[in-house]
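Please look at the model first.

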Protein chains: 2
Amino acid sequence: MKISNKLKSVGLKVTPQRRVVYEVMQKICHGSIDEIIGIVRSQNPDITISTIYRIMDSFCQAGLLSKFVGNNGKVIYDITVKEHHHIFTSGEEIIDIEDEWLSEIIREHVLLKIPENEAIDRISVYISTKNKENGKEKIDIDKRSSDSG
Amino acid sequence: MKISNKLKSVGLKVTPQRRVVYEVMQKICHGSIDEIIGIVRSQNPDITISTIYRIMDSFCQAGLLSKFVGNNGKVIYDITVKEHHHIFTSGEEIIDIEDEWLSEIIREHVLLKIPENEAIDRISVYISTKNKENGKEKIDIDKRSSDSG
DNA sequence: GTGTCTGCAAAGAATTTGCAAAGAC
DNA sequence: GTCTTTGCAAATTCTTTGCAGACAC
């Protein structure tokens, strides 16, 4: 779908700034606000930071984007709206897992732990991976064998 | 274990401020920095915010606490250090799921999606629940006075 | 007594807001 | 023409930092 139609379809007016931001999101799929600001402004330096913040908000409100909190605690905006899971690699890459069966397995597995009057709303799985090579050399940090001196 | 011994066992000096913070964490198990600041200062208003930030950091570094990013994007400090999962209820309650089998099932299930040179480091499952009753909107409680339950 | 921890206040970073002009429809 | 969006700069919020005195050991 053309971007302008995509925007209109969720009730948003089409502006050049919104076009650029959505184009960038289509390209990168996931990104933190810093990354998005960087890429957007590399394409159009006239777009201000506050405008980008506002656009990200309106896109999320309109259901055009979703967001979640990444490994590092930063909010990640995501072009995929439907429920899915994520792998965070050591190279800061984010891989989507769209697997309804996985959600279903988890749902069944934890059902007994849900309070009586509550129902599962959303399940998110975050998987962090590390590099195998570096993993071999991983050392226990903070291993204090004796007092300082 | 006595708090002072707990602190000493990880190489931290025992101060009144650290005692209070650890006591609070033992009581609440999970909390955001705001909540922790609030409770700590209700018990001892002389403890400053910057000190509490520094104590939370040193506790995490020492392996006394873990932290993760909650539903709302805020960092949650957690008295449980070993890998586990969480349910976030509509009432802002956080329930721990310590279930190694669940982690194992997920691990096996996603193995094929992990890049060649990467290995799974950590798996976190976040489950949000909503109130069954409040499917539509919140109801005024005093419409009919009834006993709690 | 020595080295670490705390309180204070200020700095720094990240995000939001008010307002007037520009722009979309 | 009307209502929304944008740019700008200031405000706000959250967290960190430097330093001097207090404190733990």
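## Ground rules

A residue counts as near a strand if one of its heavy atoms lies within 4 Å of that strand. The model is predicted.

## Surface near DNA strand C

Which part of DNA strand C do the atoms within 4 Å of the protein belong to? Sugar or phosphate accounts for 73% of them, and bases for the rest. On the protein side, 18 residues surround DNA strand C. The closest are Tyr53(A), Thr15(B), Gln17(B), Arg18(B) and Thr51(B). By class, the residues of this surface divide into six nonpolar, six polar and six charged.

One is 2.8 Å from an N or O atom in the side chain of Thr15(B). A polar side-chain atom of Thr51(B) lies 2.6 Å from a phosphate oxygen. For Thr48(B), a polar backbone atom is 3.2 Å from a phosphate oxygen. Helix 4 of chain B supplies the largest share, four residues.

## Relation of the two chains

Chain B superposes on chain A by a rotation of 179°, with 0.1 Å of shift along the axis and an RMSD of 0.2 Å. That is the relation of a two-fold axis. The same surface serves both copies: 88% of the contact residues of chain B recur in chain A. Within chain B, Val125(B) comes closest to the rotation axis, with its C-alpha at 2.2 Å.

## Aromatic pairs

Over all chains, the structure holds nine aromatic pairs. One of them joins Phe68(A) and Tyr126(A): edge-to-face, 6.3 Å centre to centre, with 65° between the planes. This pair links distant parts of the chain. Phe68(A) sits in strand 2 (residues 66-69) of chain A and Tyr126(A) in strand 6 (residues 118-131), 58 residues apart. Both residues are buried.

Tyr126(A) also pairs with Tyr126(B). The geometry is edge-to-face, at 4.8 Å centre to centre and 65° between the planes. Tyr126(A) lies in strand 6 of chain A and Tyr126(B) in strand 6 (residues 118-131) of chain B, so the pair joins two chains. Are these tyrosines, Tyr126(A) and Tyr126(B), buried or exposed? The cut-off for buried is under 20% relative accessible area. Tyr126(A), at 15%, therefore counts as buried. Tyr126(B), at 13%, also counts as buried.

Ring pairs link Phe68(A), Phe88(A), Tyr126(A), Phe68(B), Phe88(B) and Tyr126(B) into a cluster.

Terms used
Residues are numbered from 1 along each chain as its sequence is written. Chains are lettered from A and ligands numbered from 1 in the order in which they are written. This is a predicted model: local features need pLDDT of at least 70, side-chain atom pairs count only at pLDDT 80 or more; totals for chains, interfaces and linings use all residues. Side-chain values use heavy atoms; hydrogens and water are left out. Rings of Phe, Tyr and Trp (its six-membered ring) pair if their centres lie within 6.5 Å; planes under 30 degrees apart count as stacked, over 60 as edge-to-face and the rest as tilted. Buried means under 20% relative accessible area, exposed over 50%, partly exposed in between (1.4 Å probe, protein chains only). Copies are superposed by least squares on the C-alpha atoms of residues with pLDDT of at least 70 in both. Contact means heavy atoms within 4.5 Å. A polar contact is a pair of N or O atoms within 3.5 Å; within protein, one must be able to donate a hydrogen and the other to accept it, and residues adjacent in sequence count only if both atoms are side-chain atoms. Ala, Val, Leu, Ile, Met, Phe, Trp, Tyr, Cys and Pro count as nonpolar, Asp, Glu, Lys and Arg as charged, and the others, Gly among them, as polar.
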